[in-house]
Amino acid sequence: MLRRINWRRYGLVVVTLPVVILVFVASAFAPVIAPYDPYALDVLVMLEGPSEKHLLGTDELGRDILSRVMQASRISIVVGLVAVGIGAFGGTLIGLLAAWFGGKIDAVLMRFMDIVFCFPAILLAVILMANLGTSVLNAMLAIGIIFIPGFARLTRAVAQTVQRQPFLEAAICLGVPGRRIVLREILPNVIGPVLVEAAVAFSYAVLLESALSFLGLGAQPPEPSWGNMINTGRGFIDQAPWISLAPGVALFLTVFSFNLLGDGLRDVLDPKLRG
Amino acid sequence: MLVAARNLRKTFRSGGLFRRGAGVLALDDVSFSLAEGESLGVVGESGSGKSTLLRTILRLTPYDAGSVTFDGAEIAAMDRGALRRFRQRVQPVFQNPYSTFNPRFSVGASIALGFELLGNVDKADIPGEVARLLDDVGLDPDLASALPHQLSGGQRQRAAIARALAVKPDLLLLDEPTSALDVSVQAQVLNLFKDLQGRYAFSLMLVTHDLPVVTFMCDNVLVMKSGAIVERGETGTLVRDPESDYTRKLVSSAV
């Protein structure tokens, strides 16, 4: 069975998919499979190291770190999905419009994208939250907006290549309505590359959300997030390094595996590695 | 006149929002006309502007100055309805048969699109019409369910002709329709065009670098060089007694 897999083409996906699935399952079923209530305080076991009872130890308020890491993964996943959703939808739409209309519309849209691209996500998040207040929703919005230009540029480039194909010009000459050409002939060719970009963007979104929470701009305590857990652990780094270490490792594994999944999807979609 | 072009000019410019790059003059004061039922050839080397001329008449490339009329109406000034009717009366067949069909749709689905858009055939009758068209261009009607990559180059070019004929066009514009095909298939496809022209009664404009194709297919011919028409006339006369050096070179290289 394993011998029949084309490793050059599917290898990365086969290796990273289990980690990705593990992250999704752990976050989806966190309330059921977590050993403790992630919010329950227990002053008797403050700052205890990993043990049989608490596999990853406890924090300064005696909460179980493993349960909190699992609970925190839910925020990371939701932020990642929503931010990538905003970025992929907005970027694909803008990219398709820019490529289809061309000329002035293209120039204006893409220069606007260049401006958005210049904004560091953290700065945009700070501006948004200064106006709308700190919340996870605003963090998702800020990260999502930052992703739009990347998706827009990618979509525009792919759409422009498709538009130069004779089959597309044949459709135009048949009088196929513009909207139908964009949705039925161009969009299906764009989805593959967008999917690859989405996997990489997802890992970046998780990282950004943690950075925002670390700065106190994302999830607010007592709501656990990998970022604010790492920040809390900073104060106890000498006595209880596991408080920061556990969410740090979880963050690393998630980002790493989604990044590799993106590379893996690229291999799967690469016609040169086929057969 | 079915098509009349007057003083057409087109310059391709590089550059962006603030910059105006140097341009390439692709059409330089081009005027010609094409009568109903006529077969007009356009010959020239690559880069002579012949393909741009064809794309201009297809309304795929906008022109900078001059005018093109189809059946008396300026094509650049058409409203939605007029443009839709124009699209159905003028059809292209492109050079490269390998990318002329969307790889995701079956050949039959691509051909059926013309009937769907025209709306002159009952939905239930479309498969029958597609089969009849395929038969007309010398293909097995069973190929309707095949994907484009399952067909040979010659078969695909025949299918492309079927797609163009689905809307019963008055004018067929051919851009190097045989240059990507094997020599043995080229003659078959050209004969097919002649045969179909008798049955479907369309006018024809053919762009090629291959003079023998034009002498076989066309009544009249335009010779283009660097965007301008250097010579024009009845095909037989022009080949027998070319006036310009450029045409003479084309004729002698073709023999």
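This is a predicted model: local features need pLDDT of at least 70, side-chain atom pairs count only at pLDDT 80 or more; totals for chains, interfaces and linings use all residues.
Residues are numbered from 1 along each chain as its sequence is written, and chains are lettered from A and ligands numbered from 1 in the order in which they are written.

**Chain A overall**

Chain A has 10 helices and 0 strands, with helices (H or I, at least four residues) and strands (E, at least two) taken as DSSP runs and numbered from the N terminus. Its C-alpha atoms fill a box of roughly 75 × 55 × 30 Å along the principal axes. Of the 275 residues in chain A, 43% are buried. Here, buried is 20 or more other C-beta atoms within 10 Å of a residue's own, exposed is 12 or fewer, and partly exposed is in between, with C-beta atoms placed from the backbone. If you take the contacts in chain A between residues at least 6 apart in sequence, 70% join residues at least 24 apart; a contact is a pair of residues whose C-beta atoms, placed from the backbone, lie within 7 Å.

Helix H1 of chain A covers residues 7-28. Its 22 residues should span 32 Å at 1.5 Å a residue, and the end C-alpha atoms are 30 Å apart, which agrees; the expected span is 1.5 Å times one less than the number of residues. There is a kink of about 35° at A:Thr16, shortly before the proline A:Pro18. That bend is the angle between axes fitted to the seven residues ending at a residue and the seven starting there. A:Thr16 is also buried, as are A:Leu12 and A:Val23 in H1(A). The buried residues of H1(A) pack against helix H3 (65-101) and H10 of chain A.

Axes are lines fitted to C-alpha atoms, for helices over the stretch in contact, and angles run from 0 to 180 degrees between N-to-C directions.

| Helix pair | Angle | Axis separation |
|---|---|---|
| H1(A) and H3(A) | about 110° | 8 Å |
| H8(A) and H10(A) | about 170° | 8 Å |

H1(A) and H3(A) are therefore roughly perpendicular, whereas H8(A) is roughly antiparallel to H10(A). Angles under 35 degrees count as roughly parallel, over 145 as roughly antiparallel, 65 to 115 as roughly perpendicular and the rest as oblique.

Where H1(A) meets H3(A), A:Val23, A:Phe24, A:Ala26 and A:Ser27 face A:Met70, A:Ser73, A:Arg74 and A:Ile77. By class, that contact has 5 nonpolar, 2 polar and 1 charged residues. Ala, Val, Leu, Ile, Met, Phe, Trp, Tyr, Cys and Pro count as nonpolar, Asp, Glu, Lys and Arg as charged, and the others, Gly among them, as polar.

Helix H8 (residues 178-214) and helix H10 (residues 242-269) of chain A meet through residues including A:Leu195, A:Ala199 and A:Phe202 in H8(A) and A:Leu251, A:Phe258 and A:Leu265 in H10(A). The residues of this contact divide into 13 nonpolar, 6 polar and 1 charged.

**A buried arginine and a cis bond**

A:Arg156 sits in helix H6 (residues 136-163) of chain A and is buried, with 25 other C-beta atoms within 10 Å. Leaving aside neighbours within four places in sequence, A:Arg156 is in contact with A:Gly95, A:Ala98 and A:Ala99. Its C-alpha atom is 8.6 Å from that of A:Trp100, 56 residues apart along the chain.

Most residues other than glycine have a negative phi, and most peptide bonds are trans. A cis peptide bond joins A:Pro221 and A:Pro222, with omega about 10°, and A:Pro222 is in the loop between H8 and helix H9 (226-234) of chain A.

B:Lys168 is in the loop between helix H5 (153-165) and strand S7 (171-175), and is partly exposed, with 15 other C-beta atoms within 10 Å. B:Glu176 is in the loop between S7 and helix H6 (183-200) and counts as buried, with 21 C-beta neighbours inside 10 Å.

The contact between the chains takes 21 residues from chain B and 14 residues from chain A. On the chain B side, helix H2 (80-89), strand S6 (90-93) and helix H3 (107-118) give two or more residues each. That side has 9 nonpolar, 8 polar and 4 charged residues. In H2(B), B:Phe86, B:Arg87 and B:Gln88 are buried, and their cover includes helix H7 (166-174) of chain A together with strand S4 (65-70), S6 and H3 of chain B.

Terms used: Two residues are in contact if their C-beta atoms, placed from the backbone, lie within 7 Å.
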